[in-house]
Amino acid sequence: MPSRIIGHLDMDAFFAAIEERNNPQFSGMPIVVGSDPREGRGRGVVSTANYKAREYGIHSAMAITKAWRLSQYALQQGKPAAVFLPGSFQTYSRISKSIMEVIKQHTPTMQQRSVDEAYFDLSNHRSLLTAENTAKQIKQAIYEKEQLTCSVGIGPNKLVAKIGSDMNKPDGLVIITEAEAQARLAPLSIRAIPGVGPKTQLLLARCDIRTVADAQQYGAEELESLLGKWGSDLYNKVRGIDASPLYEYSRAKSISEQITLREDTLEASILIPQMFSICDYLIERLHEDGFKSFRTLGITARFSNFTTRSRQTTLAQPTADAATLRTRTLQLLLPFFDSRENPQHELLRLVGVKIEKLK
């Protein structure tokens, strides 16, 4: 019996899958959830692209303008243009809570990683076979409840489980034992290792390290000389070694939302309604997530030159009053209209609000 059996669940193209489910007229179409592309003149990024859109080269975090161009290129080739949708993060949050409740009903310990990902402990099972059956039950329960698919990886630790969940998407279930972890990881791109981003990938490529197998040929000291302390972590990760604990599920410590404006502006008639809209949404989220109050609030303002500033304040007493949040947010925002916070009168391109010290 393995000492640890950890599962990692990852919803398949979560936002886009919800939109396709809720809009049958788009079934089978390439769907992109994100900011308005405005026919190639929009700003912002792709939040999620479904698998059909990914065939066009569109992916999460891509500039929405590039996604639009790829869609237009596909259209010129006789393929259907992508459907661009703004999405509803309130809807996604509500469905995420529903999914996490399903997981918690099947496992003693769950650690939510994001709105569409979670680790869960299956170590109480006597074998990998019974752990696999529980994972299948979770997948089936989520589909019956929400008509959405997910992919699950099962392994001896969080690292291997997470990599496994991405191996057979969509609707996959991959089991990797401790004995086979190093060999199963070897053929993968080095980017498959959590923590290896584009910059690290380029640095490793200079040493002809492009796959996990390439990195496995290096000793701990060699990787440390190349990457510093991160090198010793990478030495373990490419061998499927990970001792990080699974934490109990805990509620969020803060709630935030931000909006990228359609055009850079300092017009109060545009900025203030946007901020008030965010405030109202945060109060709804506060109650939906089971909190009764907040005490600290803050705003984020990003200028047209991409300089970003944040300001916050703590209230004398906790509150859940939308009017109070609006008023105090406005007090933080007003200095950005004049020389107090904006001496060069730079236009704003993004505004956001956060509430903290939730109870």
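Which residues does Q111 touch, not counting residues up to four places away in sequence? Contact here means heavy atoms within 4.5 Å, and the list is A118, Y119, K158, P245, L246 and Y247.

Some ground rules. This is a predicted model, where local features need pLDDT of at least 70, side-chain atom pairs count only at pLDDT 80 or more, and totals for chains, interfaces and linings use all residues. Residues are numbered from 1 along each chain as its sequence is written, and side-chain values use heavy atoms, with hydrogens and water left out.

Back to Q111. It sits in strand β5, residues 110-114. Strands (E, at least two residues) and helices (H or I, at least four) are DSSP runs, numbered from the N terminus. Q111 has 16% relative accessibility, so it counts as buried; buried is under 20% relative accessible area, exposed over 50%, partly exposed in between, with a 1.4 Å probe and protein chains only.

Next, strand β10, residues 294-303. Because 7 of its 10 residues are buried, β10 is largely enclosed by the rest of the structure. Strands pair if DSSP finds at least two bridges between them. β10 pairs antiparallel with β11, residues 308-319, over 8 bridges, and F294 stands opposite T319. In that hairpin, with 4 residues between the strands, F306 has a positive phi near 75°. Another 8 bridges join β10 to β12, residues 348-356, also antiparallel, with I299 opposite V353.

Last, helix α3, residues 64-76. Its buried residues are I64, T65, A67, S71 and A74. They pack against β2 (31-34), β3 (46-49) and β4 (83-85). Just after α3, G78 takes a positive phi of about 90°.
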